[in-house]
Amino acid sequence: MPNKLTKVLLLAISCCFSSVLSAQEKENKAKDSIPAGLVIEKEIVTRKPIDPLRPAKAAFYSAVLPGLGQAYNKKYWKIPIVYGALGTGIYFFTRNDKQYNRYRDAYKSRLAGLETDEFYFDSQGNKLTDPRISDDGLRRAQQLFRRNKEISLLVTIGLYALNIIDANVDAHLLQYNVDENLTLAPHYELNDIDQNNKFGLTLNFKF
């Protein structure tokens with residue numbers, strides 16, 4: 001009789017313990033679960049509208065005023081670079097043009113039969129018997145500075161055009177689609193048969 005009573009008590013205790021564990025497990029699951037009202041059924045991706053005229057606007061602004069297209073694209077750090085490059089080109093053009101005019105005026109004075117150009121005088125202003133630079137030297141100096149002046153002008157024009165191209169390309173890249181629907185990722189695989197490594201690129205596109 002006592003053995004039967006003990007078995008009944010043990011069975012009752014086991015049932016109660018199992019019920020308690022089951023209730024706790026259900027309670028934990030209820031806490032960890034997300035309420036139905038908070039479940040996100042569909043991901044909504046907000047994309048900025050594409051302005052097809054933005055690259056043309058940026059290029060036009062940079063053509064009107066260098067650096068304005070970069071400001072339009074909010075690339076303000078490029079503006080000092082633009083003006084520094086153009087300023088350097090203009091400086092060398094002006095310098096070579098000044099030197100060219102200097103030697104040209106002296107050569108014209110020689111052709112007129114005058115001996116009054118700056119090369120007929122020393123640093124103290126004393127008249128020299130023979131000029132410091134001959135007529136042939138004046139001609140060669142004109143050729144040199146005229147060539148340098150033309151190169152400086154071409155470089156300045158090229159930098160001006162580069163400023164326009166940079167603004168246009170930047171405007172294109174600012175609207176470039178880089179969302180997760182189009183991904184390009186490196187791919188690595190180890191062949192289990194010959195133990196060779198395989199490298200490549202994986203292109204994924206989601207409709």
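Analyst: Let me start with a pair of helices: helix 4 and helix 5 cross in a left-handed way. Left-handed means the near helix is turned anticlockwise from the far one by less than a right angle, and right-handed means clockwise. By class, their contact has 16 nonpolar, 8 polar and 7 charged residues. Here Ala, Val, Leu, Ile, Met, Phe, Trp, Tyr, Cys and Pro count as nonpolar, Asp, Glu, Lys and Arg as charged, and the others, Gly among them, as polar.

User: Before we go on, what kind of model is this, and how are residues numbered?
Analyst: This is a predicted model, where local features need pLDDT of at least 70 and side-chain atom pairs count only at pLDDT 80 or more, while totals for chains, interfaces and linings use all residues. Residues are numbered from 1 along each chain as its sequence is written, and side-chain values use heavy atoms, with hydrogens and water left out.

User: OK, how many helices and strands are in the chain?
Analyst: The chain has 5 helices and 2 strands, in the order α-α-α-α-α-β-β from the N terminus. These are DSSP runs numbered from the N terminus: helices are H or I with at least four residues, strands are E with at least two.

User: Back to that pair. At what angle do the axes of helix 4 and helix 5 cross?
Analyst: At roughly 160 degrees, and the axes come within 8 Å. The axes are lines fitted to C-alpha atoms, for helices over the stretch in contact, and angles run from 0 to 180 degrees between N-to-C directions. Helix 4 and helix 5 are therefore roughly antiparallel to each other. The cut-offs are under 35 degrees for roughly parallel, over 145 for roughly antiparallel, 65 to 115 for roughly perpendicular, and oblique for the rest.

User: What span does helix 5 reach?
Analyst: Helix 5 (residues 135-174) has 40 residues and reaches 59 Å from its first C-alpha to its last, close to the 58 Å expected at 1.5 Å a residue. The expected span is 1.5 Å times one less than the number of residues. Helix 4 (residues 79-111) has 33 residues and reaches 48 Å, close to the 48 Å expected.

User: Which residues of helix 4 are buried?
Analyst: Val82, Leu86, Gly89, Asn96, Gln99, Tyr100, Tyr103, Ala106, Tyr107, Ser109 and Arg110. Buried means under 20% relative accessible area, exposed over 50%, and partly exposed in between (1.4 Å probe, protein chains only). The buried residues of helix 4 pack against helix 3 and helix 5.

User: And what covers the buried residues of helix 5?
Analyst: The cover includes helix 2 (54-64), helix 3 (68-72) and helix 4. Among the buried residues of helix 5 are Phe145, Lys149, Asn163 and Asp170. Over the whole chain of 207 residues, 19% count as buried.

User: How do helix 2 and helix 5 cross?
Analyst: Their axes come within 8 Å and cross at roughly 155 degrees. That makes helix 2 roughly antiparallel to helix 5. By class, their contact has 10 nonpolar, 4 polar and 1 charged residues. Helix 2 passes helix 5 in a right-handed crossing.

User: What does Ile164 touch?
Analyst: Ile164, which sits in helix 5, is in contact (heavy atoms within 4.5 Å) with Ala59, Ser62 and Ala63, leaving aside neighbours within four places in sequence. Its C-alpha is 7.4 Å from that of Gly69, 95 residues apart along the chain.

User: Where does Ile133 lie?
Analyst: Ile133 is in the loop between helix 4 and helix 5. Not counting residues up to four places away in sequence, Ile133 touches Tyr103, Arg110, Phe119 and Leu138.

User: New topic. What is the phi of Lys74?
Analyst: Lys74 has a positive phi of about 65 degrees although it is not a glycine. Most residues other than glycine have a negative phi. Lys74 is in the loop between helix 3 and helix 4.

User: Is Lys74 buried or exposed?
Analyst: At 63% relative accessibility, Lys74 counts as exposed.

User: Which residue with a positive phi follows helix 4?
Analyst: That is Gly113, with a phi near 85 degrees.
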